[in-house]
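Please look over this model with me. My notes follow as numbered points.

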Amino acid sequence: YNIALKLDPDNELVWFGKATLLSNLQNYHDAFDCYQKAIELNPENIDALFYCSRVLSELNRYEEALNYCNKTLEIDAFIAEAWFLKGSLLSELNRREEAIKCYQKSIELDPVNISPMISCARLLFNLDRYKEAIIYYNRALEIDPKNDDAWYEKGKSITHQIVLNENSPKNSSEEKYFSFLSKTDGVHDSFVHEDVLKCYNKALEINPENEDVLVSKGTTLFFSEEREDAFQLYETVLRKNPYNLEAWLYKATMLSLIERYDEAVDCCHSALKLYPRNKIVLKTEAQILNRAQKYEEALDLCNGILEVNSDFEGAWIERGNACEGLSKYEEAVSSFENALKINSENEITLIGIESVLILLKRYEEAIKYADKELEISYSMDSLCNAYTTKSISLYSLNRYEESIHNCDKALEIDSSAESTYLLKGNCLLCINKFEEAVDCFSQLLIINPKSEDSWFKKGFA
């Protein structure tokens, strides 16, 4: 190419060929210069414009790459690959809704190319739009049923769709996933596990060594009550690759959920030998110590994390939990407030601060945070907690009618909540609605015939 360019320096095809060779050699800087030269010689050279965009993407110069991609599409708006590239660039620039439209345009122009389908599905997954993501994974798998990544990611989408109820906020953390996975009734439905396991098993048929699939399958088995099989899968992954951090974290978390706290902490320590001072591992250990009610140790650990990473949301949340466990309620509020400065839409933080504010009898503030939770809640548990917080706070403020309204909202979600019936009955007594109070306590006694408080209150009513 260099010899040819000495003979004919204005040959755009030679500049384009040299650029392509340099790009294949991953010399993207020089490739960009050569594509630029080809474009100078012929500004309508659509191939040079397109590949110029690609090499700029490789150099992480996304805005410039987008400019060249747009020029490509101005000349020919029917190039599926250019729409796919534009979607990828917009995704990198966090312009996700625009990116989805570009992926969809690419799929429309080339309905057998699964790459934009999977990219679109992944973006929808990251936006917590799991139902839509599953549609695109299904389309990709109709074309390529041997794609293990698509089977795996479809399985994850099904799990998150059920667990997080399709209305998850931005940046759902694994902590939220674990929290709701361990207590949401819907996730225990057998058909859900069968669908998820089918996806993971398909992926493993294609690639039995896929560690991500093995770990996720282990977690699904754990919540299917097949716990020993779950831990065997974690062990299988860790024997092959002891540096698999996700396997250590899942194993530790699952052990803590069945109160095997010492083993869970040992998992964290094993991970820390490989990843010293890793903040995710340290936060997980603090979370386990809180579950084990070892609040002083959890607090010390969180303080150590925050000395190094003062903007680590997870450490502030666990610090708040530890302070609450130690009855250091003002410190707990401060910790949760710091977490909310980092992410104001984390339901777990909102639940934590509401609980502490009630303990501090700061009811108006608790109501404010409960209202925020209702605005952005994504699970029935979260909604029920917000209504319960409001009903308790309003009762304590002698606003009985409002408290009853929120009790009813909470009971629509969890009709077996004894404490909510008791609170509603007390409100009815306070406003002399004795017949309704009798009905309320009678309903509670159907749920729990041994509730002494309910018998007494019913008799009083």
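How many residues does helix H23 have, and how far does H23 reach from its first C-alpha to its last?

1. H23 (residues 380-396) has 17 residues and reaches 24 Å. That is close to the 24 Å expected at 1.5 Å a residue; the expected span is 1.5 Å times one less than the number of residues. Helices here are DSSP runs (H or I, at least four residues), numbered from the N terminus. This is a predicted model: local features need pLDDT of at least 70, side-chain atom pairs count only at pLDDT 80 or more, and totals for chains, interfaces and linings use all residues. Residues are numbered from 1 along each chain as its sequence is written, and side-chain values use heavy atoms, with hydrogens and water left out.

2. The buried residues of H23 include Tyr387, Lys390 and Leu394. Buried means under 20% relative accessible area, exposed over 50%, partly exposed in between (1.4 Å probe, protein chains only). Asn398 follows H23 and has a positive phi, near 65°.

3. Asn290 sits in helix H17 (residues 279-291). Asn290 counts as buried because its relative accessibility is 8%. Its side chain makes a polar contact with the side chain of Glu318, at 2.9 Å. A polar contact is a pair of N or O atoms within 3.5 Å; within protein, one must be able to donate a hydrogen and the other to accept it, and residues adjacent in sequence count only if both atoms are side-chain atoms.

4. H17 packs against helix H19 (residues 313-325) at about 20°, with axes 10 Å apart. H17 is therefore roughly parallel to H19 (under 35 degrees; over 145 is roughly antiparallel, 65 to 115 roughly perpendicular, the rest oblique). Axes are lines fitted to C-alpha atoms, for helices over the stretch in contact, and angles run from 0 to 180 degrees between N-to-C directions. Lys283, Ala286, Gln287 and Asn290 in H17 meet Gly314, Ala315, Glu318, Asn321 and Ala322 in H19; contact means heavy atoms within 4.5 Å.

5. Helix H3 (residues 28-41) and helix H4 (residues 46-58) pack at about 160°, their axes 9 Å apart. So H3 is roughly antiparallel to H4. Among the contacting residues are Phe32 and Tyr35 of H3, and Leu49 and Val55 of H4.

6. Two loop glutamates deserve a look. Glu225 has phi near 70° and lies between helix H13 (211-223) and helix H14 (227-240). Glu225 is exposed, at 53%. Glu259 has a positive phi of about 65° and lies between helix H15 (245-257) and helix H16 (261-274). Glu259 is exposed too, at 59%. Most residues other than glycine have a negative phi.
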